[in-house]
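This report describes one protein model together with its ligand. Please keep the sequence and the structure in view while reading.

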Amino acid sequence: MRIVDLRSDTVTLPTEEMIEAIGRAKLGDDVFGEDPTVRKLEELAAEKMGKESALLVTSGTQANLSSLMALAKKGDEVILEAESHIYHYEVGGLSAVAGLVPRPLRGSRGCLDPQDVEDAIRPKDIHHPETTLVCLENTHNRAGGAVLRPSSIKAVHDVALSHGLRLYLDGARIFNAAVALGVDVKEIAKHADSLMFCLSKGLSAPIGSVVVGGSEFVEKARKIRKMLGGGMRQAGIIAAPGIVALEKMVERLREDHENAKLLAMGLERFEGIYLERPVETNIVIFSVRGFDPRQLVQKLAEKGVKALAIDKKRVRMVTHRGVERGDIEYSLEAFKEAWESLAK
Ligand code: TLP
């Protein structure tokens, strides 16, 4: 049976070139700062983002947790979007491990309203936790891969700065945002004090994310990464495919966006599907009424099309390097059959 895996872009396998790069990588002990391949990746990442310094970490979740712990102290309040990955999908690490108080605000297509941020910042008062940080996410996963414009990030950053707060960006898919906007990724990164991005999503590397920002922040995050058990030794085998990802895989994301649009165009023809529009990058989210989306996901899986039910109403499908135009056409046919069998 043909398998089309639309659950996530995290399922992408490394390219041949990445596998070869792993075999050739020069290695050393990175906890001693002696892995030349890790250093090369970190320098490249910092340069691409227009920041001073960078740090390779094991995952996006570790990137966010280490960053938050470097940016805020226990008991501080962090403003974030109510559907953000940090709040929704990271096992509550920001409270359980970092000891932070989340202040979730509802955004519009994933972006916070600067006025809402301003209103949520705590005035100095003996009763209050101190608000120290604002987090944004670009692209925004649960908002259907929505792209935050640099001007919108800047507006939130301006509010944060005027209150002495910092802005951190979960840029797991920041390159998807840059490609969709047709801008250099620095144009987005410049409005965040620090950020992270993932190598192992659409960029297809097998493992890893990178934390980027000022040198002082990155050194703090490095020590926290060690505390969290993320100090890796010959991590050049992870960095080597990461370098290929950064140098060769960014422009290709455009194909994923085109395929996602094709998928969305096919899906919106079905009555009873409510698509989150516009589809700007590689994530398609739609809601279904009248039945549990898990039923639909199950029917699709029987035809080899894998998708995810992300809550009681919504289904998510993600395009990536392992999905071609023909797979989208196949998925839409499978969808038609699944949909009709449920409508009976
Ligand atoms: N997202 C995964 C799942 O965790 C939901 C996915 O399939 O989309 N920030 C954002 C915006 C993310 O989408 C993810 C992963 C992460 C952080 C965490 O990255 P990992 O999975 O490497 O810990």
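The model is predicted: local features need pLDDT of at least 70, side-chain atom pairs count only at pLDDT 80 or more, and totals for chains, interfaces and linings use all residues. Residues are numbered from 1 along each chain as its sequence is written, and side-chain values use heavy atoms, with hydrogens and water left out.

## The ligand and its surroundings

The shell around the ligand holds 16 residues, the closest being Ser8, Gly60, Thr61, His85 and Asp170. Sorted by class, the shell has three nonpolar, seven polar and six charged residues. In this sorting, Ala, Val, Leu, Ile, Met, Phe, Trp, Tyr, Cys and Pro count as nonpolar, Asp, Glu, Lys and Arg as charged, and the others, Gly among them, as polar. Helix H3 (residues 60-71) contributes the most to this shell, with three residues. Helices (H or I, at least four residues) and strands (E, at least two) are DSSP runs, numbered from the N terminus.

| Side chain | Ligand atom | Distance |
|---|---|---|
| Ser8 | oxygen | 2.7 Å |
| His85 | oxygen | 2.8 Å |
| Arg173 | oxygen | 2.9 Å |

On its own, the ligand has 500 Å² of accessible area, of which the protein covers 83%. Accessible areas come from the Shrake-Rupley method with a 1.4 Å probe; for residues, only the protein chains shown count as cover.

## The nonpolar cores

In soluble globular proteins, nonpolar side chains tend to be buried together. Here, the largest nonpolar core has 57 residues, and Leu56, Phe175 and Phe197 touch the most other members. Such a core is a set of buried Ala, Val, Leu, Ile, Met, Phe, Trp, Tyr and Cys residues joined through side-chain atoms within 4.5 Å. Buried means under 20% relative accessible area, exposed over 50%, and partly exposed in between (1.4 Å probe, protein chains only). Helix H11 (residues 236-248) gives the most to this core, with seven residues. Apart from this core lies another, of 29 residues, among them Leu263, Ala264, Leu300 and Ala334.

Leaving out residues up to four places away in sequence, the contacts (heavy atoms within 4.5 Å) of Leu56 include Val38, Leu41, Leu199, Val210, Met232, Ile238 and Ala239.

## An enclosed helix

Which residues of H8 are buried? They are Ile174, Phe175, Asn176, Ala177, Ala178 and Val179. Because six of the eight residues of helix H8 (residues 174-181) are buried, this helix is largely enclosed by the rest of the structure. Its buried residues pack against helix H2 (36-49), strand S6 (166-170), helix H9 (185-189), S7, H11 and helix H12 (253-267). After H8 comes Gly182, with a positive phi near 65°.

## Backbone features

Most residues other than glycine have a negative phi, and most peptide bonds are trans. Val91, which is not a glycine, has a positive phi near 60°. Val91 sits in the loop between helix H4 (85-88) and helix H5 (93-96), and it counts as exposed, at 80% relative accessibility.

Ser204, also not a glycine, has a positive phi of about 75°. Ser204 belongs to the loop between strand S7 (194-198) and strand S8 (209-213). In contrast to Val91, which is exposed, Ser204 is buried, with a relative accessible area of 0%. The side chain of Ser204 makes a polar contact of 3.0 Å with that of Arg321.

Two cis peptide bonds may also be located. One joins Asn138 and Thr139, with omega about -5°; Thr139 lies in the loop between strand S5 (131-137) and helix H7 (150-162). Another joins Arg277 and Pro278, with omega about -10°; Pro278 is in the loop between strand S9 (273-275) and strand S10 (283-288).

Methods:
Near = heavy atom within 4 Å. Polar contact = N/O pair within 3.5 Å; in protein donor to acceptor, adjacent residues only side chain to side chain.
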